[in-house]
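I opened this model to look up its ligand surroundings and a few backbone details. My entries follow.

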Amino acid sequence: MQGIFISMEGPDGSGKSTQITLLKDYLEGLGYETLVTREPGGTVISEHIRTIILNKEYTEMGYMTEALLYAAARAQLVTEVIAPALKAGKAIISDRFIDSSAVYQGMARGLGVDNVYQINSFATQGIMPDITFHLDLPAKVGLARAKGRAALDRMELESTAFHERVAQGYRDLAALDRNRIHTIDATASIEEIHARIVQLMDQYFKSKQD
Ligand code: ADP
Ligand code: TYD
């Protein structure tokens, strides 16, 4: 089997982890050895970087530092996990990847999408997801869901305006690359969203056969 790299994107609390669990079962049913990972994180080093980035005490963190730390965590994840798994023909589902940096750092922080992709193409050695699901949700709905889950981290404690820029940023980014990034209404039920993801995956597999 050929490796496949899938990323799940969307605002905080949009239902990414929930959908990843369902998608993993689906891919395993198709016979894929499936690996789930998350960003920032997914390796010992990247998880350490995550605790620095998301520490809510670090209010002085500069946007450039933040962008580079996300890229550093990603570089380690690509080298240690994603590149070898793809080579071994596995399916990898990542809870967030490069588009999170494009939207949060490039758009919502204002560093510029091109600058952020440039830093990241170095970090990822040019590896990009084959297919990306964008769970589209009003910022407030996602934050209310995230609040119900655990204590808020440094990013989740950002202003409502910041999270609204994130939600809109994802819509704008998806519009630039409709072949790869599929926007799904994340206010729908868990089952409805999963059914749409399965439909899009089937379309993707079919397009690869043609
Ligand atoms: P994320 O990984 O994007 O932060 P989660 O999957 O952890 O999101 O979901 C955040 C919260 O919202 C969880 O409590 C989850 O059970 C709930 N949730 C997930 N999908 C839906 C949905 N479609 N409708 C309502 N609640 C949902
Ligand atoms: P995550 O734990 O996936 O948050 P959630 O489950 O709430 O969606 O991600 C941690 C935070 O880091 C989240 O607020 C998004 C942010 N983030 C960036 O700003 N840039 C990035 O490149 C990544 C991967 C995440």
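**Entry 1, ligand 2.** I started with the shell around ligand 2 and found that H4 supplies its largest share, four residues. Helices and strands here are DSSP runs numbered from the N terminus, helices being H or I with at least four residues and strands E with at least two. This is a predicted model, in which local features need pLDDT of at least 70 and side-chain atom pairs count only at pLDDT 80 or more, while totals for chains, interfaces and linings use all residues. Residues are numbered from 1 along each chain as its sequence is written, chains are lettered from A and ligands numbered from 1 in the order in which they are written, and side-chain values use heavy atoms, with hydrogens and water left out.

I noted 17 residues around ligand 2, the closest being Asp-12, Lys-16, Arg-50, Ser-101 and Glu-156; a residue is near a molecule if one of its heavy atoms lies within 4 Å of it. By class, the shell holds five nonpolar, four polar and eight charged residues. Ala, Val, Leu, Ile, Met, Phe, Trp, Tyr, Cys and Pro count as nonpolar, Asp, Glu, Lys and Arg as charged, and the others, Gly among them, as polar.

I then read off polar contacts, meaning pairs of N or O atoms within 3.5 Å. Oxygen atoms of ligand 2 lie 2.7 Å from a polar side-chain atom of Arg-50, 2.6 Å from one of Ser-101 and 2.8 Å from one of Glu-156. The protein covers 95% of the 550 Å² of accessible area that ligand 2 has on its own (Shrake-Rupley method, 1.4 Å probe). The elements giving two or more residues to this shell are helix H2 (44–54), helix H3 (63–87) and helix H4 (98–108).

Which residues surround ligand 1? I listed Gly-13, Ser-14, Gly-15, Lys-16, Ser-17, Thr-18, Arg-145, Arg-149, Ala-188, Ser-189, Ile-190 and Ile-193. They divide into three nonpolar, six polar and three charged. H1 gives the most, with three residues.

An oxygen atom of ligand 1 is 2.4 Å from a side-chain N or O atom of Ser-17. On the nitrogen side, I found one ligand atom 3.3 Å from a side-chain N or O atom of Arg-145, and a backbone N or O atom of Ala-188 lies 2.9 Å from a nitrogen atom of the ligand. The protein covers 73% of the 560 Å² of accessible area that ligand 1 has on its own. Two elements give two or more residues to this shell, helix H1 (16–29) and helix H8 (190–209).

I looked next at the loop between strand E2 (34–38) and H2, where Glu-39 lies. Pro-40 is in that loop too. The peptide bond from Glu-39 to Pro-40 is cis, with omega near -10°. Is Glu-39 buried or exposed? Glu-39 is buried, because its relative accessible area is 6%; buried means under 20%, exposed over 50% and partly exposed in between, with a 1.4 Å probe and protein chains only.

Arg-96 has a positive phi of about 80° although it is not a glycine. I placed Arg-96 in the loop between strand E3 (91–95) and H4, and it is buried at 11% relative accessible area.

Gln-125, not a glycine either, has a positive phi of about 55°. Gln-125 lies in the loop between helix H5 (113–124) and strand E4 (131–136), and counts as exposed because its relative accessibility is 53%.

Notes: Polar contact = N/O pair within 3.5 Å; in protein donor to acceptor, adjacent residues only side chain to side chain.
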